[in-house]
Amino acid sequence: MIVFLATVFVQGTLAPSVADFFPSAVGTTWTYEESTDLKSAYRDIVVEPVSFEGVPTITIVTKTNTKVGEQIVGMTHYRINGDTIFAVAFERNLVLADPHPILKISSGTTSWEYKGVTPLSNVLLPMEFKATSTWMPKRDIFGEKRDCIEVDMTAIIKEAGGVVTTNVHQISTYAKGIGMVEMSENTSYNRTKSSRRVKLIKF
């Protein structure tokens, strides 16, 4: 169901499909630098697909260095459906009844909403968010000018009793042929605020 907008022009070129912004070949690897109070690095790697209900997914594992070597610290399963990339499961046991749309594109600005759940400490909690994707000017990514899309997302996460405990504002940039190249996130949990920055350093 990937939509090929063969007659729509964006920034002087044919509009690509959402799959162009989410490489899915097994072995594809991204290395990110993550900045919170400290700096660290992790790798996302596309591995052999895991199937749910008989349908294969794009399976990405996250690895980071620990005292005992590089370890897998996360696994997310995605599917591409039409103009949207969905997260459909986390690890092997946290399957989303309503898949989580992480990226949607069209020939212009696109907005969407989601009401479902998100994993937190290995538990699925209620989450609601609103997001918008916007075409950005081409950027130089590792020496090549590439089309880019920015996703601006605002979310709330609820805990016991439906009380809103977490507010999140996240801005991510995706580059054609590469995927996510940077992300900034500001979170407020009860009265505690934190921020996180992620930047692609190797692809």
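Predicted model: local features only at pLDDT ≥ 70, side-chain atom pairs only at ≥ 80, totals over all residues.

Analyst: Residues are numbered from 1 along each chain as its sequence is written, and side-chain values use heavy atoms, with hydrogens and water left out.

The strands are considered first. A strand is a DSSP run of E with at least two residues, numbered from the N terminus, and two strands pair if DSSP finds at least two bridges between them. Strand 7 (residues 58-66) pairs with strand 4 (residues 39-47) in the antiparallel sense, over six bridges. Within this pairing, Thr-62 of strand 7 has Asp-44 opposite. Strand 7 also pairs with strand 8 (residues 69-81), again antiparallel, through nine bridges. Here Thr-62 stands opposite Gly-74, and Thr-66 stands opposite Gly-69. Two residues separate strand 7 from strand 8 in a hairpin.

Strand 8 continues the arrangement on to strand 9, to which it is joined in antiparallel fashion by six bridges.

Thr-84 is buried because its relative accessibility is 1%. Its side chain takes part in polar contacts, a term for pairs of N or O atoms within 3.5 Å; within protein, one atom must be able to donate a hydrogen and the other to accept it, and residues adjacent in sequence count only if both atoms are side-chain atoms. Another, at 2.9 Å, links the side chain of Thr-84 to that of Lys-104. Taking contact to mean heavy atoms within 4.5 Å, and leaving aside neighbours within four places in sequence, Thr-84 touches Val-18, Arg-79, Pro-101, Leu-103 and Lys-104.

A nonpolar core is a set of buried Ala, Val, Leu, Ile, Met, Phe, Trp, Tyr and Cys residues joined through side-chain atoms within 4.5 Å. The largest nonpolar core holds 41 residues, of which Tyr-78, Ile-102, Leu-103 and Phe-129 touch the most other members. With neighbours within four places in sequence left aside, the contacts of Tyr-78 include Phe-22, Ile-58, Ile-60, Ile-85, Phe-86, Val-88 and Ile-102. In soluble globular proteins, nonpolar side chains tend to be buried together.

The model also contains a pocket to be described. On a 1 Å grid over the protein atoms alone, a pocket is an open set of points with protein on both sides within 12 Å along at least five of seven lines, and lining residues have an atom within 4 Å of a point. Grid points are joined across faces, edges and corners, and a volume is the space filled by probe spheres set on the points. The largest pocket has a volume of about 1,600 Å³. It is lined by 47 residues, the closest to its centre being Phe-90, Gln-170, Met-183, Glu-185 and Arg-196. Strand 15 (residues 179-189) gives the largest share of this lining, with six residues. Asn-186 also lies in strand 15. Asn-186 has a relative accessible area of 37% and is therefore partly exposed. Beyond four places in sequence, Asn-186 is in contact with residues including Asn-167, His-169, Ser-194 and Arg-197.

Finally, some loop residues may be noted. Gly-27 sits in the loop between strand 2 (13-15) and strand 3 (29-35), and its relative accessibility of 46% makes it partly exposed. Although 18 residues apart in sequence, Gly-27 and Ile-45 are 6.2 Å apart, C-alpha to C-alpha. Glu-53, in the loop between strand 5 (51-52) and strand 6 (55-56), has phi near 55°, a positive value in a residue other than glycine. Glu-53 is exposed, because its relative accessible area is 84%. Phe-142 likewise has a positive phi, near 55°, and lies in the loop between strand 12 (123-141) and strand 13 (144-158).

Note on methods: Buried < 20%, exposed > 50% of the residue type's maximum accessible area, 1.4 Å probe, protein only. Helix = DSSP H or I, 4+ residues; strand = E, 2+ residues; numbered from the N terminus. 1 Å grid on protein atoms, 1.4 Å probe; cavity = no way out; pocket = protein on both sides within 12 Å on 5 of 7 lines; lining within 4 Å.
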